[in-house]
Amino acid sequence: MSLTAQTQTIEPLVHVTGKGIVKVTPDQVDIKVRVESEGKDAVAVKNENDASINTVIKFLRSQGLKDTDVQTEYINLNKNYDYNSKTYSYKANQSLTVRLKDINQYEAIISGLLNSGINRIDGVQFKSSKAATLRSEARVKAILDAKQRAETYAKAIGQSIGKAVQISEASANVPRPQLRNASFAMEASSDGGGETIAPGELSIVVSISASFELK
């Protein structure tokens, strides 16, 4: 009885990562706002909170915003107990995300929101309406960057690369400028002038991993 040993040939590969970056000036902004109401009676607190939100939504509609640009994030009503006075109180919260498709509306919208009942601004997030298209562009840049890296490594050892045998996307993200808080927005809007936001520039970043044949 004889045994035949079989050996498996391992194909030589070069493994690399590539990064693609596309920069763009944001043309949209999401504003996360909240109305907080507090009192001793649950129904009264909830009604007060609902009335404030209703006023806010009416204001936004008067500024030309569509219903699809205003989204309720959450609604809650909490019962709290004060151990010192041994009494209960209630706090109602409603949060909205307002999307402005024209950044030039920011000053007027923020001022109007504060005047119509908003008492918390939880964040400002800049975006681009062309994000999907630009992300595809960043992917192309990422794979070309990976190919160039592979060619550089292969050339250094007197070889060349062949076809890609594996490509995977590691990440795709859009870093955003620093958020501003409610107190800053209130102070800025009360100054009567000046700029209160700096949209800056967004960087859409895509990272990929790729493996090429090494010849």
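I began with Arg-120, which is partly exposed at a relative accessible area of 32%; here buried means under 20% relative accessible area, exposed over 50%, and partly exposed in between, with a 1.4 Å probe and protein chains only. The model is a predicted one, in which local features need pLDDT of at least 70 and side-chain atom pairs count only at pLDDT 80 or more, while totals for chains, interfaces and linings use all residues. Residues are numbered from 1 along each chain as its sequence is written, and side-chain values use heavy atoms, with hydrogens and water left out.

Next I looked up the partner of Arg-120 and found that its side chain meets that of Glu-36 in a salt bridge (3.7 Å, N to O), a salt bridge being a side-chain nitrogen of Lys or Arg within 4 Å of a carboxyl oxygen of Asp or Glu. Because Glu-36 lies in strand E2 (residues 28-39) and Arg-120 in strand E5, the pair ties together parts that are 84 residues apart in sequence. Helices (H or I, at least four residues) and strands (E, at least two) are DSSP runs, numbered from the N terminus. Glu-36, partly exposed at 25% relative accessible area, also meets Arg-34 in a salt bridge of 2.7 Å, N to O, and Arg-34 is buried, at 13%. I noted that Arg-34, Glu-36, Arg-120 and Asp-122 are linked in a network of salt bridges, and that the count by this rule comes to eleven salt bridges.

I then turned to helix H1 (residues 42-62), where Lys-46 and Asp-50 lie four residues apart, about one turn of the helix. Their closest N and O atoms are 2.7 Å apart in a salt bridge, with Lys-46 partly exposed at 24% relative accessible area and Asp-50 partly exposed at 29%. An α-helix has 3.6 residues a turn, so residues three or four places apart point the same way.

For the sheet, I traced four strands in the order E3-E4-E2-E5, an open sheet with antiparallel pairing. Its edge strands are E3 and strand E5 (120-127), each of which pairs on one side only, and the twist averages 15 degrees from one strand to the next, taken between axes that are lines fitted to C-alpha atoms, with angles running from 0 to 180 degrees between N-to-C directions. Strands count as paired if DSSP finds at least two bridges between them; twelve bridges join E3 (residues 70-82) to E4 (residues 87-100). Along this pair I checked Thr-72, which stands opposite Leu-96, and Asp-82, whose bridge partner is Thr-87. E3 and E4 form a hairpin with four residues between them, and Lys-86 in the turn has a positive phi of about 55 degrees.

I also followed strand E7 (residues 202-214), in which twelve of the 13 residues are buried. E7 pairs with strand E1 (residues 13-24) in the antiparallel sense over twelve bridges, and Leu-202 is the bridge partner of Val-24.

Last, I checked helix H3 (residues 131-156), whose 26 residues should span 38 Å at 1.5 Å a residue, in agreement with end C-alpha atoms 37 Å apart; the expected span is 1.5 Å times one less than the number of residues. Its buried residues include Leu-134, Ala-142 and Asp-145, and H3 is followed by Gly-158, whose phi is positive, near 75 degrees.
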